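Please have the sequence and the model at hand.

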Amino acid sequence: MPDKPKIAICWLGACGGCDEAVVDLNAALLDVADAVSIVLWPVALDYKYDSVAALPDKSLALAIISGHVRFSEHREIAHMLRKKAKLVLAYGACACFGGTPGLANMVSKKAIYDWVFHKAPTVVNPKGNIPQEKTEIDGETITLPEMYEHVYALNQVIDVDYYLPGCPPPDNLTLNAVNAVLTGDLPPKGSTLAPRRALCDTCPRAKKKPERLEIGEFKRVHEKETDSDYCFLEEGILCLGAATRGGCGESCIRINMPCRGCFGPVPGVDDGGTRFLSALASMLNSADGPSLQKLAASVPDPAGTIYRFTQPSSILGRKKLD
Ligand code: SF4
Ligand code: SF4
Ligand code: SF4
């Protein structure tokens with residue numbers, strides 16, 4: 001009997017939600033587990049990185065990698081899995097675009113250290129210690145991974161074959177992706193394994209979306225009781241559906257939350273944030289220049305809003321360092 005295809009499921013800088021999404025496959029996970037041999041899954045199974053590193057190159061059919069790259073350890077694991085796997089799937093918004101942790105690129109590493117180790121109200125650190133990559137204790141050297149100045153998406157560190165966005169990705173698309181690898185029925189390298197359409201195209205609130213949207217005042221979602229028949233934008237609530245790829249099942253919209261963009265840009269668009277900004281600019285409705293400026297300035301945390309999941313792969317770059 002031929003060996004089952006070997007698969008690694010691995011997290012880098014991840015919250016664990018993407019692994020949880022794999023666990024949530026429930027009964028379907030048993031079928032997957034029956035069809036493949038899982039050789040690494042740190043969150044669920046006690047295999048070691050060294051044992052995967054000892055396998056022949058390209059001996060894994062697939063490495064499913066979630067999480068962003070911020071530490072040297074993330075980079076080393078990503079490179080090792082790239083070497084061992086025929087296919088790498090960037091799984092989840094963090095791996096695909098940098099995810100919410102990528103917003104850390106809006107501050108410097110020094111500012112993060114200052115807050116986390118010195119200034120946060122819950123910190124007691126009289127000696128002002130910060131993590132050291134190398135520490136000598138009793139003749140022994142203890143090492144920690146290097147924290148980079150920048151948060152990276154996976155494809156900024158290794159070659160990626162396929163992408164499955166979402167925070168986390170939905171179970172139907174995860175199953176489709178694994179089945180596609182097992183059957184070899186795959187789209188061209190570099191494809192995103194999700195529908196090629198915008199979220200607005202399937203949104204139940206789009207039915208009554210007017211031809212021309214006009215926004216005279218922005219509201220946060222908790223400030224207004226919305227009508228579930230109407231587009232959030234018509235109510236002045238920022239919803240990134242027009243600039244975001246569909247496929248999530250409109251899961252936020254269906255619980256009365258606007259889209260924050262975890263599926264990344266619509267197909268054919270590199271930078272969803274600028275696409276959304278230009279659409280938004282055409283909706284602003286104000287009497288004169290100064291009030292227009294005031295309205296535009298009232299968008300809360302503009303960069304964090306339009307690049308919530310995609311900062312590292314956006315055209316924004318990072319905060320200028322001192
Ligand atoms: S994509 Fe979302 S669920 Fe997955 S690791 Fe990142 S933050 Fe967690
Ligand atoms: S902007 Fe949001 S609420 Fe409006 S149609 Fe698009 S996804 Fe739906
Ligand atoms: S509605 Fe938007 S933020 Fe919510 S799951 Fe779908 S793509 Fe992600």
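Q: Why is Tyr113 called buried?
A: Its relative accessible area is 14%, and buried means under 20% (exposed is over 50%, partly exposed in between, with a 1.4 Å probe and protein chains only); Tyr113 is therefore buried. This is a predicted model, in which local features need pLDDT of at least 70, side-chain atom pairs count only at pLDDT 80 or more, and totals for chains, interfaces and linings use all residues. Residues are numbered from 1 along each chain as its sequence is written, chains are lettered from A and ligands numbered from 1 in the order in which they are written, and side-chain values use heavy atoms, with hydrogens and water left out.

Q: How many aromatic pairs does a search of the whole structure find, and why is the pair of Tyr113 and Phe117 called edge-to-face?
A: The search finds 2 aromatic pairs. The ring centres of Tyr113 and Phe117 are 5.3 Å apart and the planes stand at 80°. Rings of Phe, Tyr and Trp (its six-membered ring) pair if their centres lie within 6.5 Å, and planes under 30 degrees apart count as stacked, over 60 as edge-to-face and the rest as tilted; the pair is therefore edge-to-face.

Q: What makes the separation of Tyr113 and Phe117 about one helical turn?
A: The two residues are 4 residues apart in helix α6 (residues 109-119), so about one helical turn separates them. Helices here are DSSP runs (H or I, at least four residues; strands are E, at least two), numbered from the N terminus.

Q: What is the geometry of the pair of Tyr148 and Tyr152, and why is Tyr148 called buried?
A: The pair is edge-to-face, with 6.2 Å centre to centre and 75° between the planes. Tyr148 is at 13% relative accessibility and so counts as buried, whereas Tyr152, at 23%, is partly exposed.

Q: Which residues surround ligand 1?
A: The shell consists of Ala14, Cys15, Gly17, Cys18, Gly92, Ala93, Cys94, Gly166, Cys167 and Pro168, where near means that a heavy atom of the residue lies within 4 Å. Helices α1 (17-23) and α5 (93-97) each supply at least two residues of this shell.
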